[in-house]
Structure formats: C-alpha cells, structure tokens
Amino acid sequence: MLGIKRLGLLAALVLVGVAPAAAAQAAAQPSTQDTQYLQAVHQVNLFEITAGDLAQQKGQDQGVKDLGAMLKTDHTQLDQTVQQTASQLGVELPNEPSADQQQVIDKLNNASGAAFDKLWVTSELAGHVQAIQATQTEISQGSEQSVVQLAQTALPTLQAHYDELVQLANKLGIPVPQTSASGTPSPGGTGTESPAPGGTGTESPAPGGSTESPAPGGGTTETPAPSES
C-alpha cells in the first residue's frame, strides 16, 4: 500500500510540474506580428548574405566591396539569433529570399561595373528603409518579448548600415530618398503602406530612378528614409 501511495504522490508531482510548463509554452505562442517579423527579417538576412557576396565579387568601387563584406557579416550574425528565436517559438522560417528579393539578385548577377554599384547601393538603401520600418513596427506592436528584444538589438545595426549606405551613395553620386519632415519614418510606415521585409506591396520605382529594380525588402513602395544617426 505504501508503494502505491508513493506512486500516486509521484504522479501528482509530475502533473503539477507539467501544468506550469504547458502554460508557459502556451503563453510563448507568438502573435501574427511576431511570426511575420521573424520570417521577414530572416528573408532579409538571406538576401543580404547573397548581396554581400556579390558586392565583394562584382563591385567596382572598393567602398561597395567593403560595405558588402560588413553587411554579410552582420546579417549572418543577426540571422543566428533569428533562427534560435524562431526555433524556440516553433516558427517555421522560409528557406530562400522572397520573389522580389530574388529578382534583385538576378539583376545584380547580370550587372557589372558602375551599373552594378549603382543598382546595389540603390537596392540596399530602399531595402534598409523597409527593414528599419518593419523593425520599428515589431518594437511597438510585437507581443512576444524575445522577438521584441531581437528587433531592439537589430535596429541600431540596420540604422548603422543605412548611414553607411547614405555616405557611399553620396560619394558615388547616387540619389538618396528624401526624409520626412521629422526625418524618421513612423513605425508602421508613412501613409503609404510599406510591406515588411520579404513581403509584397505596390510596385513603384526604388529610390534613385524610375526604372530601378524592386527593393530587397520586398515591394518597392518609396518610403521616407530613416534619419541619420
């Protein structure tokens, strides 16, 4: 009888231990916002790693080569955190860049010389504007703390990339998107809905020309650039 009582107590303790764990797992379910951000920023990272390689291989200007190397390193590191966070939350990540991002990669593969440098910088500027805005949206609207913290960590890196791109664009004579009156885009965009990185949106020219390719961040709705820090 004593053995049966002990088994019963053990079973009760196991159940007590399982209940909080199950509750914690349920509480950790990410929202649609959190899920979409993880998936989108992962696609941004996949694109940036490829684009960084192309910049080092095909860039004519040494600044393009150097910045491409920096972007590849930073986005590789960022994606490690993205993958870890997604795994912990049970979020399935895409295994390739978005269709729009792939179009940009294809165009970069077919460009060379100064034309490559201009296309690369223009695409990177537009893509980083959208990535920054999507990250700001996650910070203000995300509900899963681990994803919000990831976005908070990513934002300064994305902003630093944008600032470097602006300097490189000015050096090469490439037009930079105009900023808003406040100089900083609102978290959700600026009136015209801007898709999260990797998403799709209204097709319009990327900043810097009327025939440029889609931005790396997905759709190419022109949006005000973040302020320089």
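This is a predicted model: local features need pLDDT of at least 70, side-chain atom pairs count only at pLDDT 80 or more; totals for chains, interfaces and linings use all residues.
Me: What should I know about the model first?
Reply: Local features need pLDDT of at least 70, side-chain atom pairs count only at pLDDT 80 or more, and totals for chains, interfaces and linings use all residues. Residues are numbered from 1 along each chain as its sequence is written, and side-chain values use heavy atoms, leaving out hydrogens and water.

Me: How do I read a helix pair, and at what angle do α2 and α5 cross?
Reply: Two packed helices are described by the angle between their axes and the distance between the axes. Axes are lines fitted to C-alpha atoms over the stretch in contact, with angles from 0 to 180 degrees between N-to-C directions. Helices are DSSP runs (H or I, at least four residues). Here α2 (residues 32-58) and α5 (residues 113-141) come within 11 Å and cross at roughly 160°. They are therefore roughly antiparallel (over 145 degrees).

Me: Which residues of α2 and α5 meet?
Reply: Contact means heavy atoms within 4.5 Å. Among those in α2 are Y37, F47 and L54; α5 brings residues including F116, W120 and H128.

Me: How do I read a nonpolar core, and which residues touch the most other members?
Reply: In soluble globular proteins, nonpolar side chains tend to be buried together. A core is a set of buried Ala, Val, Leu, Ile, Met, Phe, Trp, Tyr and Cys residues joined through side-chain atoms within 4.5 Å; buried means under 20% relative accessible area (1.4 Å probe, protein chains only). The largest core here has 26 residues, and V64, L108, F116, W120, V121 and L125 touch the most other members. Its largest share, 8 residues, comes from α5.

Me: What does W120 touch?
Reply: Its partners include A51, A55, V64 and L168, not counting residues up to four places away in sequence.

Notes: Helices (H or I, at least four residues) and strands (E, at least two) are DSSP runs, numbered from the N terminus. Angles under 35 degrees count as roughly parallel, over 145 as roughly antiparallel, 65 to 115 as roughly perpendicular and the rest as oblique. Buried means under 20% relative accessible area, exposed over 50%, partly exposed in between (1.4 Å probe, protein chains only).
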